[in-house]
Amino acid sequence: KHSSYNMETQKNFSLKNHNTFGIEASAAEYISIDSIEQLKDVLAKNVGRELFILGGGSNMLLTKDIDALVLHINLRGIETISETENCAIVRSQSGEKWHDFVLYTIEKDLGGLENMSLIPGNVGTTPIQNIGAYGTEIKDTFVSCNAMNIATQEIKTFYNEECEFGYRESIFKNKIKGQYIITSVDFKLSRGEHKINTSYGDITAELAKNNIVQPKISDVSKAVIAIRQSKLPNPKDLGNSGSFFKNPIVSKEIFDKVQAKFPDIRHFPVTDTEVKVPAGWLIEQAGFKGKRFGNAGIHVNQALVLVNYGGATGAEILKLSQEIQQEVFAKFGIWIEAEVNII
Ligand code: EPU
């Protein structure tokens, strides 16, 4: 039987252009996956073999070469599944670039994703860590995703409630980690009347600056793009993986103790008993913002972002991240956890 797709893998494949940190590391074997049939075939032929699933490479730090078969998920296509007067269900295959998908929905005047403009990465990895920005998370518009079971090659649909979404969390990072490959994601987006969310202070300020009183979703998207460009480095210019750490959620008791010592500590309520503290603030207070150590550093405009000035190794960035964790803990007694996957 002849396959219409390429089953040939590449050996010793450089991943430098496949991780937004721009770190030099290689894959023992690599293949780009362009169709569901090809994915099925490759999985069936490699049962029991160690696999590494690669999406946009925007949320990982490579600290070593990958001694496995790397599957680069490159499934493409966007389609409208159903439409009513007020909403549309839009499906994107997992290999689409997230920001291109967001622009496509805005172009079609479909609302819900505009606050998450310009986030790097591919659509298929967005549910894994429930990406979010400026008051919106994937879980707010996510209907379901299709995912292939690596062991059986069957497709299962995961509905929103099953995904156990939390702050940068989902079932895909936890209970069923490493068992599925997400192939497509469905979003429920608004048509006609949109619920604009400009509650995040930066957005309000950016719209006011441009004298926009009744923002359209395209205005919100443009505002978010402007804010992100002013704070977050473009991986094309300066290797990075967005926020390196999660914002820690601490108990009210611990928070009160820290606040007594540092009265101007920033914080946001999460539940009655917990508050979220911006890790960027903690790192800045610990004196790291804008500092450079060899080829690695802490971004000048946003302390939550670690950067590769060129030629940094994953180990170098990992070491810097550990020093930051220890310093922050020593100063505040709060442990900040990496958001980025350390490979
Ligand atoms: N802050 C500082 N110093 C800094 C950075 C931030 O004091 O160097 C303070 C700010 O003053 C502000 C607070 O921290 O009061 C929050 O800062 P910001 O609005 O920049 O957001 P963040 O909490 O640092 C989170 C997400 C980002 C997302 C923004 C906007 C996480 C880990 N990060 O950052 O997501 O874009 O909110 O919603 O939750 C990502 O996950 O990769 C990412 C970029």
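Is Glu164 buried, partly exposed or exposed, and at what relative accessibility? Glu164 counts as partly exposed, at 40% relative accessibility (buried is under 20% relative accessible area, exposed over 50%, partly exposed in between; 1.4 Å probe, protein chains only).

This is a predicted model, in which local features need pLDDT of at least 70 and side-chain atom pairs count only at pLDDT 80 or more, while totals for chains, interfaces and linings use all residues. Residues are numbered from 1 along each chain as its sequence is written, and side-chain values use heavy atoms, with hydrogens and water left out.

**View 1. Salt bridge between Lys175 and Glu164.** The two side chains meet at 2.6 Å, N to O (a salt bridge is a side-chain nitrogen of Lys or Arg within 4 Å of a carboxyl oxygen of Asp or Glu). Lys175 is exposed, at 59% relative accessibility.

**View 2. Salt bridge between Lys45 and Asp41.** The N to O distance is 3.7 Å. Both residues lie in helix α1 (residues 36-45), 4 residues apart (helices are DSSP runs of H or I, at least four residues, and strands are runs of E, at least two, numbered from the N terminus). Lys45 is exposed at 58%, whereas Asp41 is partly exposed at 21%.

**View 3. Largest nonpolar core.** Of its 44 residues, Leu282, Ile283, Ile317 and Ile324 touch the most other members (a nonpolar core is a set of buried Ala, Val, Leu, Ile, Met, Phe, Trp, Tyr and Cys residues joined through side-chain atoms within 4.5 Å). Helix α7 gives the most to this core, with 5 residues.
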